[in-house]
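Have a look at the picture before reading on.

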Amino acid sequence: MYIEASSPRKREDNAKLYSPPLAFPGHMCLEFYYHMSGAAIGSLKVTIDEKVVFSRSGDREDKWYKASINVSAIVGWHRYLNYQNYFLLPHVTFEGVVGNGYRGDIAIDDFSLTARSCAFNCCSYHFEKYQDLSTSSAHAVEHFTINGDLFLAFANYKSDTTGKYNIDSFIYKFNDSTRKFSPYQNISTSGGQDVEYFKISDEHYLAVANGYNGVTHRLNSVIYRWNGKLFVAFQNLTTQGANGFTFFVIDKEPFLAVSNRYDDVTNQGINSVIYRWKNKRFELFQEVATDGSNRSVAFLISNENYIAFANNVKDSVVYKWSGKSFFKLQTLPKANDLKFFNISDNAFLAISSPNENPLIYE
């Protein structure tokens with residue numbers, strides 16, 4: 001079964017397939033296969049009693065995908081039919097909506113609604129492509145929410161066409177009506193390496209690490225502040241081949257760490273810098289020894305504060321908070337990036353090593 005997108009069909013035309021009312025005891029599992037391949041794919045949704053239980057839009061590549069939905073878990077869908085504890089399930093409706101061209105046929109197949117819970121299959125769940133977004137050699141992405149609106153910010157390193165480093169980075173905003181991200185704002189960057197969102201006293205900020213402008217790595221990286229509609233330049237920070245920002249809080253005091261990687265001469269012995277929020281701006285707080293630092297991560301273990309810098313020239317370094325400043329605690333192998341995480345009461349640090357297999361430390 002499919003909806004044909006060719007003429008005389010036009011954009012936003014729709015087709016609906018209704019099931020008869022179906023009665024099943026106990027749990028119910030709705031399953032079907034769907035195919036949505038084409039540059040002009042519209043959308044497919046499934047509703048039960050006017051409640052949306054499934055929704056997809058856009059090109060999903062030339063594949064059949066299986067959908068499995070436990071419908072009995074939703075309050076209000078069951079109605080007593082008789083004393084035998086059967087339930088009346090309202091109509092199941094499949095709706096296909098035409099996109100913006102003829103390459104938008106949507107098909108469904110092998111529909112079933114059975115009296116059981118959908119079985120979990122480890123290998124049937126996977127990520128599907130949801131949307132293509134325009135970027136230019138993007139090196140980082142950050143998601144954040146402002147007043148209920150969802151945004152994605154991308155740090156673009158250089159132009160894919162001209163090779164120039166002085167280009168805009170992009171901010172996208174999620175559109176609730178189209179269920180897609182749309183371009184929202186461009187911000188000026190020079191070899192954008194990272195973008196970090198944070199919030200201080202109900203104000204929203206983005207820190208953008210500028211790494212290279214085609215001539216020098218000694219550049220100002222920029223902190224932007226939300227003015228209610230857009231992000232505007234708020235403060236410049238002097239950086240040297242900036243590769244990443246990390247925002248963290250210690251005893252209610254905000255800090256911002258920048259990973260410096262290169263100073264136009266060498267990537268060895270280039271200090272990274274920790275700034276502290278004071279008088280409504282960031283001020284230099286402490287320089288820490290790093291060698292070609294790519295990224296950093298701040299974390300808390302047993303109420304003790306730490307920050308680790310991933311260095312790819314010499315050993316990575318873990319610093320510990322003394323109550324007044326950070327001191328060097330230990331070294332770890334060279335790394336491109338590192339992440340901290342907990343499993344139950346155990347703390348771990350995962351390292352992506354430039355020349356070796358990834359490592360996990362406990």
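In β14, the residue that bridges to I167 is T189. Strands here are DSSP runs of E with at least two residues, numbered from the N terminus (helices would be H or I runs of at least four), and two strands pair if DSSP finds at least two bridges between them.

A quick word on the ground rules. This is a predicted model, so local features need pLDDT of at least 70 and side-chain atom pairs count only at pLDDT 80 or more, while totals for chains, interfaces and linings use all residues. Residues are numbered from 1 along each chain as its sequence is written, and side-chain values use heavy atoms, with hydrogens and water left out.

**Around β13 and β14**

The two strands form a hairpin with four residues between them, and R179 in that turn has a positive phi of about 60°. β13 (residues 166-175) also has a partner in strand β12 (residues 149-156): they are antiparallel and joined by four bridges. Across that pairing, L152 stands opposite Y172 of β13.

Now for some rings. F174 and F181 make an edge-to-face pair, because their ring centres are 5.1 Å apart and their planes sit at 65°. The rule is that rings of Phe, Tyr and Trp (its six-membered ring) pair if their centres lie within 6.5 Å; planes under 30 degrees apart are stacked, over 60 edge-to-face, and the rest tilted. F174 is buried at 15% relative accessible area, and F181 is buried at 14%. Buried means under 20% relative accessible area, exposed means over 50%, and partly exposed is in between (1.4 Å probe, protein chains only).

Y184, on the other hand, lies in strand β14 and counts as partly exposed, at 30% relative accessibility. Together with L230 and V232, Y184 forms a nonpolar surface patch with about 220 Å² of accessible area. Such patches take residues with over 30% relative accessible area and no salt bridge, joining nonpolar side chains (Val, Leu, Ile, Met, Phe, Trp, Tyr) within 5 Å and like charges within 9 Å. The areas come from the Shrake-Rupley method with a 1.4 Å probe, and for residues only the protein chains shown count as cover.

How many aromatic pairs does the count come to? The count is 34. One of them is F144 with F231, edge-to-face at 5.8 Å centre to centre and 85° between the planes. This pair links distant parts of the chain: F144 is in strand β11 (residues 138-146) and F231 in strand β18 (residues 231-240), 87 residues apart. F144 is buried at 2% relative accessibility, and F231 is buried too, at 4%.

Ring pairs also tie F32, Y34, F54, Y65, F94 and F111 into a cluster.

The charged end of K180 sits over the ring of Y130, 4.5 Å from its centre, and the charged end of R281 sits over the ring of F234, 5.2 Å from its centre. To qualify, NZ of Lys or CZ of Arg must be within 6 Å of the ring centre and within 35 degrees of the ring normal.

**Salt bridges**

Side chains of opposite charge can pair when their charged atoms come close. Here a salt bridge is a side-chain nitrogen of Lys or Arg within 4 Å of a carboxyl oxygen of Asp or Glu. The whole structure has six of them, including these:

| Salt bridge | N to O distance |
|---|---|
| K66 and E31 | 3.5 Å |
| R218 and D263 | 3.8 Å |
| R276 and E253 | 4.0 Å |

Where do D263 and R218 lie? D263 is in the loop between β20 (253-260) and β21 (272-278), and R218 is in strand β17 (residues 218-226), so the pair ties together parts 45 residues apart in sequence. D263 is buried at 11% relative accessibility, whereas R218 is partly exposed at 49%.

The pair of R276 in strand β21 and E253 in strand β20 links distant parts of the chain, 23 residues apart. R276 is partly exposed at 25% relative accessibility, and E253 is partly exposed at 33%.
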